[in-house]
Amino acid sequence: AQTVTQSQPEMSVQEAETVTLSCTYDTSENNYYLFWYKQPPSRQMILVIRQEAYKQQNATENRFSVNFQKAAKSFSLKISDSQLGDTAMYFCAYRRNNNDMRFGAGTRLTVKP
Amino acid sequence: GAVVSQHPSWVICKSGTSVKIECRSLDFQATTMFWYRQFPKQSLMLMATSNEGSKATYEQGVEKDKFLINHASLTLSTLTVTSAHPEDSSFYICSANEGSYEQYFGPGTRLTVT
């Protein structure tokens, strides 16, 4: 079974600084996809970044980047130059092919002014 | 980008009644739709997966007769909570997939059962 673990229930960071959110997962598959989603108070799920497991290069989207360690089954999210609008719940998710998505428990991130 | 809508966004119903939640893919055909449930301050828990024209596949522990899912077309899936009780109060989120690895999420429906 695929499981996703986020070991940090809450994190905080000062505005303009950098923060890293951790995520590990368990799978016996070789091909899969990993995602980070942001859920603000509106509760709309917003895709932050995605990583295809077959790609060795870490994905980057503006201020957001990941550190994907396939052998270690680790997928952390780094947010640079944190902004007040980054305050939200962040969920790490795993998906195999066209199957359903499995989510971690989430990390509540607070960006402090 | 692909858009998924949900209706209603918030519904209040009395205990014992049934309520239907709609999930629509607005600009693409959804081969598969997923229904999630999210309790306050918790993660999304998959309830069921539905494919157009076939019966939904429910996750272990989800009552099929209580949570009726119908995926009648490639753009519409419905979740009906039958004989709702206060413990069914939750936030329900649907997502849709067009055959790729991407899932597109609806804005969610808050259900309150009084």
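I began with A:M101, which is buried, with a relative accessible area of 1%. The cut-off I used for buried is under 20% relative accessible area, so A:M101 qualifies. I note here that the model is a predicted one.

Next I looked up where A:M101 sits, and found this residue in strand 11 of chain A. I then listed its contacts, leaving aside neighbours within four places in sequence. In chain A these are A:F35, A:Y37, A:A93, A:Y94 and A:R95. From chain B, the residues in contact with A:M101 are B:Y36, B:Q103 and B:F105. I also checked A:M101 against A:T24: the two are 77 residues apart in sequence, and their C-alpha atoms are 15 Å apart in space.

**The interface**

I found 22 residues of chain A in contact with 22 residues of chain B. The area buried between the two chains is about 1,800 Å². Carbon and sulfur atoms give 48% of that area. I asked which three residues supply more than any other three of the area that chain A buries against chain B. They are A:R43, A:R95 and A:F103, with 30%. One of these, A:R95, is also on the contact list of A:M101.

I turned to the charged and polar pairs. The rule finds two salt bridges across the interface of chain A and chain B. I looked up one of them: the side chains of B:E59 and A:R102 meet at 3.2 Å, N to O. For polar contacts between chain A and chain B, the count is six residue pairs, with both residues at pLDDT 80 or more.

I then asked which strands of chain A each supply at least two residues of the side that touches chain B. They are strand 5 (33-39), strand 6 (46-52), strand 10 (88-95) and strand 11 (101-103). Strand 5 gives the largest share, four residues. I sorted that side of chain A by class and got nine nonpolar, six polar and seven charged residues.

**Chain B**

Last I went through chain B as a whole. Its secondary structure comes to zero helices and 11 strands. Of its 114 residues, 51% count as buried. I looked at contacts in chain B with a separation of 6 or more, and 54% of them join residues 24 or more positions apart. The C-alpha atoms fill a box of roughly 40 × 25 × 20 Å along the principal axes. For 114 residues, a compact globule would have a radius of gyration near 13 Å; chain B has 13 Å, so the two agree.

Key. Residues numbered from 1 in each chain as written. Chains lettered and ligands numbered in written order. Predicted model: local features only at pLDDT ≥ 70, side-chain atom pairs only at ≥ 80, totals over all residues. Heavy atoms only, no water. Contact = heavy atoms within 4.5 Å. Buried area = accessible area lost by both parts, 1.4 Å probe. Salt bridge = Lys/Arg side-chain N within 4 Å of Asp/Glu carboxyl O. Polar contact = N/O pair within 3.5 Å; in protein donor to acceptor, adjacent residues only side chain to side chain. Nonpolar A, V, L, I, M, F, W, Y, C, P; charged D, E, K, R; others polar. Buried < 20%, exposed > 50% of the residue type's maximum accessible area, 1.4 Å probe, protein only. Rg over C-alpha atoms; globule rule 2.2 N^0.38 Å.
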